Amino acid sequence: MSIRVENISKRFGQFQALQPLTLEIPDGELVGLLGPSGSGKTTLLRIIAGLETADTGRILFHGQDVTNVHVRDRRVGFVFQHYALFRHMTVAQNVAFGLEVLPKAERPSNTEIYKRVANLLEMVQLGHLAKRYPSQLSGGQKQRVALARAWQCNHKSYCWMNPLGHWMQRCARI
Ligand SMILES: Nc1ncnc2c1ncn2[C@@H]1O[C@H](COP(=O)(O)OP(=O)(O)OP(=O)(O)O)[C@@H](O)[C@H]1O
């Protein structure tokens with residue numbers, strides 16, 4: 001899915017967090033967003049995902065204007081800086097979460113969810129830790145759980161905020 005950011009800007013009160021920005025990300029491209037701390041990278045990603053509203057401009061997915069589309073309907077996978085894993089859920093439950101909360105008509109069967117979660121955990125090499133809780137994982141393992149959870153959301157649309165390891169690039173080519 002291609003992403004176009006058109007003249008997007010954001011203020012928090014008097015503070016200009018994001019200067020007007022235009023950016024085109026072609027379908028299938030892996031893009032790294034680099035900039036000094038506080039320069040607005042997270043703000044931009046949150047706007048693309050629909051977690052934040054921009055003051056100006058619009059966002060297009062595959063040429064379609066999604067600026068006013070609710071976050072729930074944008075289907076953008078998002079790995080948060082602190083991963084935002086659910087502490088009371090196992091690794092597998094964290095990854096399954098996005099599928100389980102889908103509206104009934106779109107929700108896969110339990111067997112299908114189980115299969116998809118198993119595949120995703122295999123992809124990030126965490127199949128053997130499916131029953132562990134986030135507190136029992138290393139930082140890199142938590143990051144991979146967050147990636148697998150984002151992945152099941154929509155395996156074609158990704159925004160990467162941090163340069164990650166080779167396994168991630170392997171996933172991105174699939
Ligand atoms: N909700 C908010 N209210 C006020 N200011 C905010 C808010 N969110 C972010 N900011 C400010 O907007 C600017 C951009 O923040 P953002 O998180 O997008 O930066 P970043 O480029 O991702 O930074 P880092 O690399 O340090 O994670 C920062 O100066 C930050 O303090």
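Guide: Happy to! One term before we start: two residues are in contact if their C-beta atoms, placed from the backbone, lie within 7 Å. This is a predicted model, where local features need pLDDT of at least 70, side-chain atom pairs count only at pLDDT 80 or more, and totals for chains, interfaces and linings use all residues. Residues are numbered from 1 along each chain as its sequence is written.

Visitor: Good. How many helices and strands does the chain have?

Guide: Six helices and four strands. Helices (H or I, at least four residues) and strands (E, at least two) are DSSP runs, numbered from the N terminus. Along the sequence the pattern reads β-β-α-β-β-α-α-α-α-α.

Visitor: And in what order do the strands sit in the sheet?

Guide: The order is β2-β1-β3-β4 in an open, antiparallel sheet; two strands pair if DSSP finds at least two bridges between them. β2 (15-25) and β4 (64-65) are at the edges with a single partner strand each, so one side of each has no neighbour in the sheet.

Visitor: What joins β1 to β2?

Guide: Seven bridges, in the antiparallel sense, with β1 covering residues 3-12. Phe12 has Phe15 in β2 as its bridge partner.

Visitor: Which strands does α1 lie across?

Guide: Helix α1 (residues 41-49) lies across β1, β2 and β3 (56-61), at about 120° to β1. Axes are lines fitted to C-alpha atoms, for helices over the stretch in contact, and angles run from 0 to 180 degrees between N-to-C directions.

Visitor: Switching to helices: at what angle do α3 and α5 cross?

Guide: Roughly 25°, with the axes of α3 and α5 (residues 139-151) coming within 7 Å. That makes the two helices roughly parallel (angles under 35 degrees count as roughly parallel, over 145 as roughly antiparallel, 65 to 115 as roughly perpendicular and the rest as oblique).

Visitor: Which residues meet there?

Guide: From α3, Val91, Asn94, Val95, Phe97 and Gly98; from α5, Val145, Ala148 and Arg149. They divide into five nonpolar, two polar and one charged (Ala, Val, Leu, Ile, Met, Phe, Trp, Tyr, Cys and Pro count as nonpolar, Asp, Glu, Lys and Arg as charged, and the others, Gly among them, as polar).

Visitor: How do α3 and α4 cross?

Guide: Helix α3 (residues 91-100) and helix α4 (residues 110-123) have axes that come within 10 Å and cross at roughly 125°, and are therefore oblique to each other. The residues of that contact divide into nine nonpolar, no polar and two charged.
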